[in-house]
Amino acid sequence: MASLAEDTLPRLLSASGAEVLIDAAARDFYAHDIYARGADLAAVVRPADKQQLAAAVAAATSAGHAVAARGGGMSYTGGYTQDAPGTVLFDLSRMNRIIAIDEADMTVTTEVGCTWAALHAELAPRGLRTPMWGTLSGLKATVGGGMSQNGIFWGTGRYGTAVQSCTALEVVLADGTLLSVGKRHARPYGPDMVGLFLADTGALGIKATVTLKLVREAQAHGYASFAFDTHGEWLAAASEIERHGISTECFGFDPFLNAIRMKRDSLSSDAKQLVGMMRKQGGVLKALKEGVRVVAAGRGFLDEANFSLHVLAEGRIQAAADADIAVAREIALRNGGREIENTIPKIIRANPFGPLNSILGPEGERWAPIHGLVSHSRSLACFEAFLALFDRHRADMEALGVHYGTLVAAVGQAGLVIEPCLYWPDARHGLIEDTIEPAHLKRVPPLPANPAARALTGELKHAIVDIFHAHEAVHFQIGRTYRYRDSLDPVADALLASIKRQLDPRNLMNPGSLGLT
């Protein structure tokens, strides 16, 4: 990094017109992601538009500083935290305008700092949405983060991952050049240069604007939930439902994650959320009936749910949604499942971008999800490898209070996401406290620092990553966690390194991300 007088860098960055933060508290806050703290930052820049972004990137890199982009800050894989000190971090949350909604060509163009929740709220009155329309963290997670990190959930069962909805980008390169790639209405046109900058975790450029496809919002909805006694039946049913293409979302929890949900959520919250959704979908009477049903059903069905699977379907008419649910029901029952109350998918759909209180466990434990998208043929063996790993470490985990739960989710035309979530007793930091609702935070006990539990969690995390690699999993939020370059053909790896050198010859654009050091 170039040697600069202490006040020179802030002056250079401020000349862009962007807000610049250099105080120690701000730099410490932004050095964290949900999982860990990175190296010290030189400054934090908060541009208001793409011109300020480009000018500030040019100022930082011309002075020899690395740059990295932060969206909603919800990464837990080192997506923007740094390995070496001195980086200028760009907080893109002020670039949150929706630029254009084109109902004729069915596209929407937005700045990268717009959250998934805000985008969905703007489109909903028009009866529109993007195909994949957000992650569960969409209250804070941004569209730009979704393009850099990729992601799944809402709409994923039918439409795939976040980046599959993208048609065009504006990207700021390491020297401050503002590059436009793609056409609004179609992708690709020739070699897919849009795809080059998607899921790159910000290693090749900082996205400024994004254009996404639009689809019509569904008019009818169907829901079903099932319980399975074995993980084999559970995974088989989820895989078959995905292969039939009948769900917009299909996800499930193992017994340990079911138990955590039981501790965290409340029936009163369930009923309130559900009433709000049913008012939109079927009128006040239906809303009240569903609210009463939630309270009457309670959560007792989860006591015996063991492995739970939840399916959501959509259609232009109710008969279409019901027909898809009927197919899912037949598949689940044939694979050893039994139908249970379907309140969980209804509740989650009623509040698709709920508060992010789950980044702490119900007793204040820290949380670290590690995921992989695994082919259907490998999902069972991969899951059983995790069971064997946790069994080998059972004594140490029990001694240190480390535990886990696992989520699965179907991804359209791609396989199953398996996501073991590790929980361990440890101190929380400022980003976690800023993310969780204040009222909820007061109910969660603060815990002391626990280096031993943290070290075991780190060991388990690395072992999980290695298991995924052995089963040829692919990942979202690659960041600095997953073994992306190890999975590449040597010629493909050389091509990636060459592209990085062409776009970023001094390796100043989020160095270390994707393993590009």
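Reader: Are Phe153 and Trp154 buried or exposed?
Author: This is a predicted model, where local features need pLDDT of at least 70, side-chain atom pairs count only at pLDDT 80 or more, and totals for chains, interfaces and linings use all residues. Residues are numbered from 1 along each chain as its sequence is written, and side-chain values use heavy atoms, with hydrogens and water left out. Buried means under 20% relative accessible area, exposed over 50% and partly exposed in between (1.4 Å probe, protein chains only). On that scale, both Phe153 and Trp154 come out buried.

Reader: How many aromatic pairs turn up in the whole structure?
Author: Rings of Phe, Tyr and Trp (its six-membered ring) pair if their centres lie within 6.5 Å; planes under 30 degrees apart count as stacked, over 60 as edge-to-face and the rest as tilted. Searching the whole structure that way, the number of aromatic pairs is 13.

Reader: What is the angle between the planes of Phe153 and Trp154?
Author: These rings form an aromatic pair, with 4.8 Å from centre to centre. The pair is edge-to-face, and the angle between the planes is 90 degrees.

Reader: What kind of pair do the rings of Trp234 and Phe383 make?
Author: Their centres are 5.7 Å apart. Their planes sit at 75 degrees, so the pair is edge-to-face.

Reader: How many residues apart in sequence are the parts that this pair ties together?
Author: Helices (H or I, at least four residues) and strands (E, at least two) are DSSP runs, numbered from the N terminus. Trp234 sits in helix α8 (residues 231-244) and Phe383 in helix α15 (residues 376-392). So the separation in sequence is 149 residues.

Reader: Which Arg lies over the face of Trp154?
Author: Trp154 belongs to one aromatic cluster with Trp133, Phe153, Phe251, Phe253 and Phe353. A charge sits over a ring if NZ of Lys or CZ of Arg is within 6 Å of the ring centre and within 35 degrees of the ring normal. At 5.9 Å from the ring centre of Trp154, the residue is Arg349.

Reader: How many residues of helix α14 are buried?
Author: Helix α14 covers residues 343-350. Among its buried residues are Thr343, Lys346 and Arg349.

Reader: Which residue in β10 stands opposite Ala168?
Author: Strand β8 (residues 166-172) and strand β10 (residues 206-213) run antiparallel, joined by six bridges. Opposite Ala168 stands Thr211.

Reader: Which residue in β10 is the bridge partner of Val108?
Author: β10 is mostly covered, with seven of its eight residues buried. Five bridges join β6 to β10, and the two run antiparallel. Val108 has as its bridge partner Leu212.

How values were computed. Two strands pair if DSSP finds at least two bridges between them.
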